[in-house]
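Look at the sequence and the model below. Then follow this short report through them.

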Amino acid sequence: MPGYGYHAPKDFVDMVEPYLNSRHNLKRTFLLLDASVGITELDKIAIDMCEEFGIPYVIVLTKADRAAKGELLKCVVKVQEVIERQTKGCFPQPFLVSSLHFWGIHLLRCFIAHVSGVL
């Protein structure tokens, strides 16, 4: 699926809703949020879509290496608050990753293998 952030197509919601609604074999969705930016209104819309369709999902905080440590901690806390207070279908722990330094990638891969039935 395409991203919904900075370069998102104008009809993103119209394009994604039918996909999410019709994919009955979809086991889990992974929402990638930019940790250096924090949770945005577009992220909240994506979360609402997953909640609306009852799709289990996981939040992955990307670009962990770009955020200052204090800002990264604020972002993680904010995301955890959103998960705790505003979601029912979200995995309770966000994954923190950096593709540049491979932080958290192995753990995320193991989780994906587990939920997809490979492990």
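How many disulfides does a search of the whole structure find? The search finds 0. A disulfide here is a pair of cysteine sulfur atoms within 2.5 Å. Cys-90 is in no disulfide, and the nearest cysteine sulfur, that of Cys-50, is 8.4 Å away. Cys-110 is in no disulfide either; for Cys-110 the nearest cysteine sulfur is that of Cys-90, at 19 Å.

A word on the source. This is a predicted model, in which local features need pLDDT of at least 70 and side-chain atom pairs count only at pLDDT 80 or more, while totals for chains, interfaces and linings use all residues. Residues are numbered from 1 along each chain as its sequence is written, and side-chain values use heavy atoms, with hydrogens and water left out.

Buried means under 20% relative accessible area, exposed means over 50%, and partly exposed lies in between (1.4 Å probe, protein chains only). Cys-90 counts as buried because its relative accessibility is 10%. Cys-110 stands at 31%, so Cys-110 counts as partly exposed.

**The cores**

A nonpolar core is a set of buried Ala, Val, Leu, Ile, Met, Phe, Trp, Tyr and Cys residues joined through side-chain atoms within 4.5 Å. The largest nonpolar core has 19 residues. Which of them touch the most other members? They are Leu-31, Leu-33, Ile-47, Tyr-57, Ile-59, Leu-61 and Val-79. Four elements each supply at least two residues of this core: β1 (29-34), α2 (41-53), β2 (57-62) and α3 (69-86). The largest share, 6 residues, comes from α3. Helices (H or I, at least four residues) and strands (E, at least two) are DSSP runs, numbered from the N terminus.

Take Ile-59 as an example. Contact means heavy atoms within 4.5 Å. Leaving aside neighbours within four places in sequence, Ile-59 is in contact with Leu-31, Leu-33, Ile-47, Val-79, Ile-83, Cys-90, Pro-94 and Phe-95.

**Helix α4**

Which residues of helix α4 (residues 105-115) are buried? They are Ile-105, Leu-108, Phe-111, Ala-113 and Val-115. The buried residues of α4 pack against β1, β2 and β3 (95-96). Ala-113 counts as buried because its relative accessible area is 15%. Leaving aside neighbours within four places in sequence, Ala-113 is in contact with Val-118 and Leu-119. Ala-113 and Cys-90 are 23 residues apart along the chain, and their C-alpha atoms are separated by 18 Å. After α4 comes Gly-117, whose phi is positive, near 90°.

**Salt bridges**

Side chains of opposite charge can pair when their charged atoms come close. A salt bridge is a side-chain nitrogen of Lys or Arg within 4 Å of a carboxyl oxygen of Asp or Glu. By this rule the count comes to 3 salt bridges.

| Pair | N to O distance |
|---|---|
| Asp-34 and Lys-63 | 3.3 Å |
| Lys-44 and Glu-41 | 3.6 Å |
| Lys-74 and Glu-71 | 3.5 Å |

The pair of Asp-34 and Lys-63 links distant parts of the chain. Asp-34 is in strand β1, and Lys-63 is in the loop between β2 and α3, 29 residues apart. Lys-63 counts as partly exposed because its relative accessibility is 33%.

Lys-44 and Glu-41 are 3 residues apart in helix α2, so about one helical turn separates them. Lys-44 is partly exposed, at 25% relative accessible area, whereas Glu-41 is exposed, at 57%.

Lys-74 and Glu-71 both lie in helix α3, 3 residues apart, about one turn of the helix. Lys-74 counts as exposed at 54% relative accessibility, while Glu-71 counts as partly exposed at 45%.

**A surface patch**

Which residues make the nonpolar surface patch of about 220 Å²? Val-13, Leu-42 and Ile-45 make it. Patches are made of residues with over 30% relative accessible area and no salt bridge: like charges are joined within 9 Å, nonpolar side chains (Val, Leu, Ile, Met, Phe, Trp, Tyr) within 5 Å. Accessible areas come from the Shrake-Rupley method with a 1.4 Å probe; for residues, only the protein chains shown count as cover. Val-13 lies in helix α1 (residues 12-22). Its relative accessibility is 30%, so Val-13 counts as partly exposed.
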